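Visitor: I'd like to go through this one slowly, and I'll keep asking how you know things. Can you start with the ground rules?

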Amino acid sequence: MAAKLAVLTVLGLLGSVSCQAGYGGYGYGGGNPTPPPPTYPPTPSPPAAGLRVGYYDDKCPGAEAIVREAVRGADAGIKAGLVRLFFHDCFVRGCDASVLLKPTDANPQPEMLGIPNLSLRGFEVIDAAKEALEAACPGVVSCADVLAFAGRDASYFLSGYAINFTVPAGRYDGNVSLASETLPNLPPPFADVPRLKAMFAAKGLDTVDMVALSGAHSIGRSHCSSFIRDRLPPSNTSDMDPTFASKLQANCSSPAGTDNTVAQDYKTPDKLDNQYYQNVLDHKVLFASDAALLKSNETLPLVYAAVISPKLWQYKFGESMVKMGGVEVKTAANGEIRKVCGFVNKPYSG
């Protein structure tokens with residue numbers, strides 16, 4: 001009886017969510033108590049201005065396949081890093097590969113040296129894909145598009161091929177990268193829902209996008225330093241499951257201490273799936289920003305929806321990745337196609 005009551009409560013929550021993004025949203029609209037059956041393949045959202053699916057079909061045939069093969073050979077940790085790399089790029093100056101620019105005498109503090117970016121991974125996969133693309137089609141495929149394709153492909157492989165979406169392309173690469181812009185733009189692990197909403201809204205992403213993309217916390221690892229102060233004892237504000245907290249405390253107290261890393265999803269750490277949302281409900285998540293999703297009447301129903309309908313979450317995750325990929329896109333007027341992803345063409349062009 002208790003289980004039946006819980007199911008009815010969840011369905012009631014689902015019916016109360018407004019439809020924020022058409023079918024792709026987690027809300028079902030109209031007070032409908034049950035989700036509509038998914039229709040596959042789903043209709044994609046309109047791409048950002050200047051971007052289109054199949055952009056390289058005539059410019060560099062096989063470009064997307066080259067990137068996918070580079071991603072295929074990476075291990076699960078690097079694939080998770082590629083999803084994060086794409087997110088961190090798009091949230092600072094838009095999706096322009098500015099996160100890939102390396103330190104130079106002219107710019108000794110690029111984005112990759114910003115505090116939130118010091119643990120980024122996957123740069124070597126992007127470089128390998130770009131090198132192969134330059135051999136096949138010199139000066140044609142932007143590093144920004146390589147990042148977008150790699151984020152999509154990593155999601156595809158990590159989800160067991162369940163998350164599969166098309167990526168509009170045509171981005172140009174930016175030539176400005178500043179470490180000082182990372183902290184103001186990247187959501188911190190201690191953020192509450194109002195702050196998360198504001199930071200996502202600043203990039204044109206809504207609450208549904210924010211909750212959907214939070215599902216990327218079902219892959220990858222985190223340094224203990226990202227959560228130990230506000231989530232583990234002696235914190236008296238954390239609502240983390242006590243047994244889970246004890247295990248984390250043990251892992252984070254071993255010789256390496258706060259430099260230790262732990263899986264972001266203790267149950268399916270190498271699979272991009274909806275287990276993260278069950279972990280949120282079970283109070284077994286690392287970050288305060290994860291736990292905060294239970295504390296808002298806007299986000300709580302979306303968490304339940306993701307648990308109940310994995311296919312709908314998979315679709316929405318892909319849709320939100322595409323939407324994020326349209327943030328502040330550069331064009332030929334304010335960007336370039338880099339020859340090497342780590343450096344702007346000037347003064348490196350021959």
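Guide: Helices here are DSSP runs of H or I with at least four residues, strands are E runs of at least two, and both are numbered from the N terminus. This is a predicted model, where local features need pLDDT of at least 70 and side-chain atom pairs count only at pLDDT 80 or more, while totals for chains, interfaces and linings use all residues. Residues are numbered from 1 along each chain as its sequence is written, and side-chain values use heavy atoms, with hydrogens and water left out.

Visitor: Where does glycine 94 sit, then?

Guide: Glycine 94 is in the loop between α3 and α4.

Visitor: What does UniProt list as "binding site"?

Guide: Its unreviewed entry gives Asp89, Val92, Gly94, Asp96, Ser98 and Glu111. These are spread over 23 residues of sequence, yet they cluster in space, with a largest C-alpha distance of 12.3 Å. Bear in mind that UniProt positions follow the numbering used here, feature names are shortened, and annotations may be inferred rather than shown by experiment.

Visitor: How do you know whether glutamate 111 is buried or exposed?

Guide: Glutamate 111 comes out at 0% relative accessibility, so it counts as buried. It lies in the loop between α3 and α4, and its contacts beyond four places in sequence include His88, Val92, Ser98 and Thr182.

Visitor: Which residue does UniProt list as "active site"?

Guide: The unreviewed entry names His88, which is placed in helix α3. At 8% relative accessibility, histidine 88 counts as buried. Among its contacts beyond four places in sequence are Glu111, Asn117 and Leu186.

Visitor: Why are α4 and α5 described as they are, in terms of their angle?

Guide: Their axes come within 10 Å and cross at roughly 120°. Axes are lines fitted to C-alpha atoms, for helices over the stretch in contact, and angles run from 0 to 180 degrees between N-to-C directions. Under 35 degrees counts as roughly parallel, over 145 as roughly antiparallel, 65 to 115 as roughly perpendicular, and the rest as oblique. α4 and α5 are therefore oblique.

Visitor: What makes helix α8 largely enclosed?

Guide: Eight of the eight residues of α8 (residues 207-214) are buried, so the rest of the structure largely encloses this helix. The buried residues of α8 pack against α7 (193-201), α11 (275-281), α13 (300-308) and α14 (310-324). At the start of α8, a side-chain oxygen of aspartate 206 comes within 3.1 Å of the backbone nitrogen of valine 208.

How values were computed
Buried means under 20% relative accessible area, exposed over 50%, partly exposed in between (1.4 Å probe, protein chains only). Contact means heavy atoms within 4.5 Å. A polar contact is a pair of N or O atoms within 3.5 Å; within protein, one must be able to donate a hydrogen and the other to accept it, and residues adjacent in sequence count only if both atoms are side-chain atoms.
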